[in-house]
Amino acid sequence: MNTSLNPVELIGFSSGGELRSDAFYQAMVNAVDVGILAVNTSGMVILANRAVRESFGAFQGVHLNDVLPDLWPKVAQRLLGHARNTEISVRGIESNFLVRVSPMLLDQEQVGAVCVFVESTELEDMARQMEFFQRLTRELDTIIDSSSDGLWICDADANVVRINPASERINNVQAKDVVGRNMRDLINARVFDRSATLEVIRTRARVNLLQQREGRKLITTATPVFDSAGRITRVVVSERDITEIDNLQRELEDQEAIRDQYRNQMLEMQQEQQLENQQIIARSPAMLKALRQALKVAKVESTVLILGPSGVGKGLFADLIHKNSERADKPLIKINCGAIPESLIESELFGYDKGAFTGAQSGGKPGYFELADGGILFLDEIAELPLPSQVKLLRFMEDGTIMRLGSTRPREVKVRILAATHRNLEQMVEEGKFRLDLYYRLKVIPIHVPSLKERKECLLPLILHYIEWYAKKHKTSKRLSRAACDTLLGYPFPGNVRELMNLCERLVVMTETEVISLQDLPADVAKGDTSDATAPAQWPESMTLPQVIESTERALLAHALKSHGCQADLAEALGVSQPTIARKLKRYGLAC
C-alpha cells in the first residue's frame, strides 16, 4: 500500500482538481506563529487564526469591540481611512502583543482590515535591556568624561580606542587626532616620549611611570584587561597631573615652616615665663641657650650630662629638668659622689642584703637607685665615682637592673640618670681614671652651664636679685652704692654664682647701714683684683682677640690709675674724653 501523499493533495486539491479554499487558508493562517485577525468594514471578525483565538477568544462572527475593546477604536479609524498603518500594544491571556493594523483592499476598494499580532514580551525585555545598557553606557561616558584624571583606552595592539577630555587637556591633544592611531606611531611622531600601554603589552602586568610633559609632572598608571582565555583585550591608562600637588606640597611646607617658627617663638616665650616663675636669671645668650636645652630635654627620657665649673648652678639645672619632666611627681634623689667614702659608695648607691658585710643592718637596706625608682637620680661630681662603681652604673644603664651587695637576684628599677661634673672627663678617660664606655653612655645629651665670665650680662641682675632676696630673708633693707656696685661688676667671681650668693648674704648681714658702700666690701674684692693688672708678654692660645684687647685695656687703665688721681687727668694722659674713661672704669670695676 502506497502511503505517500501527493503534494497537491496536501495543500487541499480534490481528486477532481478543485481547491478546497476555505480549509486551505484556515490551515495556512493557523500554521503562522503570529496572530492574524481580519474584520469587515462593520468590525465583525471574518478570520481568526489559532493564536488569536487562544490568546483573545476571538472567533469568526464576533464583533471586534466585544473581544478587544482597546483595539477596536484604532481599527475603526483605519476603516474610515483617517489613519495610516498603525501599531498598538494589547494584553493577551499570557503575553503582551504588538498589533499592526493594515487595510484589506479588493479591486482598490477597502473591504476590511487585517490585524497582525506579534508577541512582544521578549521584544519588551530586549528593549528594556537595551535601554538599561544604553543608560549604563551614558553613565559610564559621563563618569569617564567628568574624571579629572586623564584616561586612555587602547586595544591589545596598542591602538587608541578612546581618550577623555582630561587627557586632551593634560597632553594638549585632540581626541580626533589620536583615536584610531597606534601608540608606536604616536611615539615615533614625538607626541609622547614613552608609552605605558606598550610596557603593559610587553610585561602583561600593571605599570607605573613618572613622566614630564611640557613642564608638567604626570603619574601614569596602565592596567591590562584580560578575557576569559587570559588574552589582553584592553589597556586602561590613567594619568594624574601632580604638578599642582607638588605646588601645594611646597606651599604646605612653607606654611609648616611658618607654623614651626611661631611655635618656636611661643615655646621661647613659655620658657622665658617658666624661668621668670622659677626666679632663674638669664640674660646672656649662652645661659639662655643652656636653659632652653634643659627645658627641651626635660620632656624626654634621655640621659643628660651637665658640665660647667664649680658654683655655676648645675644642681639648679637638675631641678629644672625634674620639675618640667613627666617624672615631676616622682622623687629626685641628689647624690654628691665625692662626698661619700669610696668604701661605702657602692652600698649607698645599690643597697645591700642581710649579712652583706660586717655592720650591715639585719634587714638589708635599699640604695639610692631603689629610692629613686620611677623618678630621677642626680649624680653630682660623677668624675669622683670609683671605677668598680662605674662598672655597676654602666650595667644599670645597659639593662636597667641593679644588684644589691650580697645578693644574687637582680632588681629592675626605672630611674632616669642626670650626671654633673666640673672636671674634664675626656682627659680622665685618656688617663684611665674614667671608663670610656660609661662616658659615652652619660654623654647622650651634654649641657654646658656657662661661668659668670661667660655671662657678664647676668652679673648685675644677679647681684641686685640676691641682695634683695637676702634682705627679705633677714627682714632688713639693703641697697648697693654706685661705687660698690661698680666694684662688684669688676670682680671676676672665680667661685661663680655660689661665691656671688655667699658674698651678697655676707654684705646684707654684716653691713651696719642701709647702703652697702665700697668700704663694706671684702678687701680682696674692693681692690678690684689689680695684682695681675700688667699686660702679659704672652697670652694663652685659648684667648680670643676681644678678650686680649679687654685684658690689655684693663691693665693699661689700672697702671695709669697709679699715676693719675682723677678721671680728667687720666683722660688727658691717655688721649680720650673723660666720659670714655668713666665708662671704661665702670666696665672693668676700677675706681680713682
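## A strand with neighbours

In which sense do strand β11 (residues 304–307) and β16 pair, and over how many bridges? The pairing is parallel, and 4 bridges make it up. Keep in mind as you look around that this is a predicted model.

## Helix α16 and its surroundings

Next up is helix α16, which runs through residues 387–399. Its 13 residues reach 19 Å from the first C-alpha to the last, close to the 18 Å expected at 1.5 Å a residue. Just after α16 comes G400, with a positive phi of about 75 degrees.

Quite a few α16 residues are tucked away: S389, Q390, K392, L393, L394, F396 and M397 are buried. What do the buried residues of α16 pack against? The list takes in strands β13, β14 (401–402) and β16, plus helices α14 (342–350), α15 (368–371) and α18 (436–442).

## The antiparallel sheet

Now for an open sheet of 5 strands, in the order β2-β1-β5-β4-β3 and with antiparallel pairing. At its edges sit β2 (45–48) and β3 (86–91), each pairing on one side only. Neighbouring strands in this sheet are turned by 25 degrees against each other on average, direction ignored.

Take a look at strands β1 (residues 35–40) and β5 (residues 109–119): they run antiparallel and are joined by 6 bridges. Within that pairing, L37 stands opposite C115 in β5. Helix α5 (residues 72–79) packs on the sheet, where it touches β1, β3, β4 (96–106) and β5. The direction of α5 makes about 145 degrees with that of β5.

## Salt bridges

How many salt bridges does the count come to? The answer is 19. One of them joins R404 to D353, with the closest N and O atoms 3.2 Å apart. R404 lies in the loop between β14 and β15 (411–412) and D353 in the loop between α14 and α15, so this pair ties together parts that are 51 residues apart in sequence. R404 counts as buried because its relative accessibility is 11%, and D353, at 17%, is buried as well.

E384 and R423 form another salt bridge, their closest N and O atoms being 3.1 Å apart. This pair links distant parts of the chain, 39 residues apart: E384 is in the loop between β13 and α16, and R423 is in the loop between β16 and α17 (425–430). E384 is partly exposed at 33% relative accessibility, and R423 is partly exposed at 32%.

Then there's K472 with E468, where the closest N and O atoms are 3.5 Å apart. Both belong to helix α19 (residues 459–473), and being 4 residues apart they are separated by about one helical turn. K472 is exposed, at 60% relative accessible area, whereas E468 is partly exposed at 46%. Finally, salt bridges with shared partners join D353, E370, R404 and R411 into one network.

Conventions
Residues are numbered from 1 along each chain as its sequence is written. This is a predicted model: local features need pLDDT of at least 70, side-chain atom pairs count only at pLDDT 80 or more; totals for chains, interfaces and linings use all residues. Side-chain values use heavy atoms; hydrogens and water are left out. Two strands pair if DSSP finds at least two bridges between them. Helices (H or I, at least four residues) and strands (E, at least two) are DSSP runs, numbered from the N terminus. The expected span of a helix is 1.5 Å times one less than its number of residues. Buried means under 20% relative accessible area, exposed over 50%, partly exposed in between (1.4 Å probe, protein chains only). Contact means heavy atoms within 4.5 Å. Axes are lines fitted to C-alpha atoms, for helices over the stretch in contact, and angles run from 0 to 180 degrees between N-to-C directions. A salt bridge is a side-chain nitrogen of Lys or Arg within 4 Å of a carboxyl oxygen of Asp or Glu.
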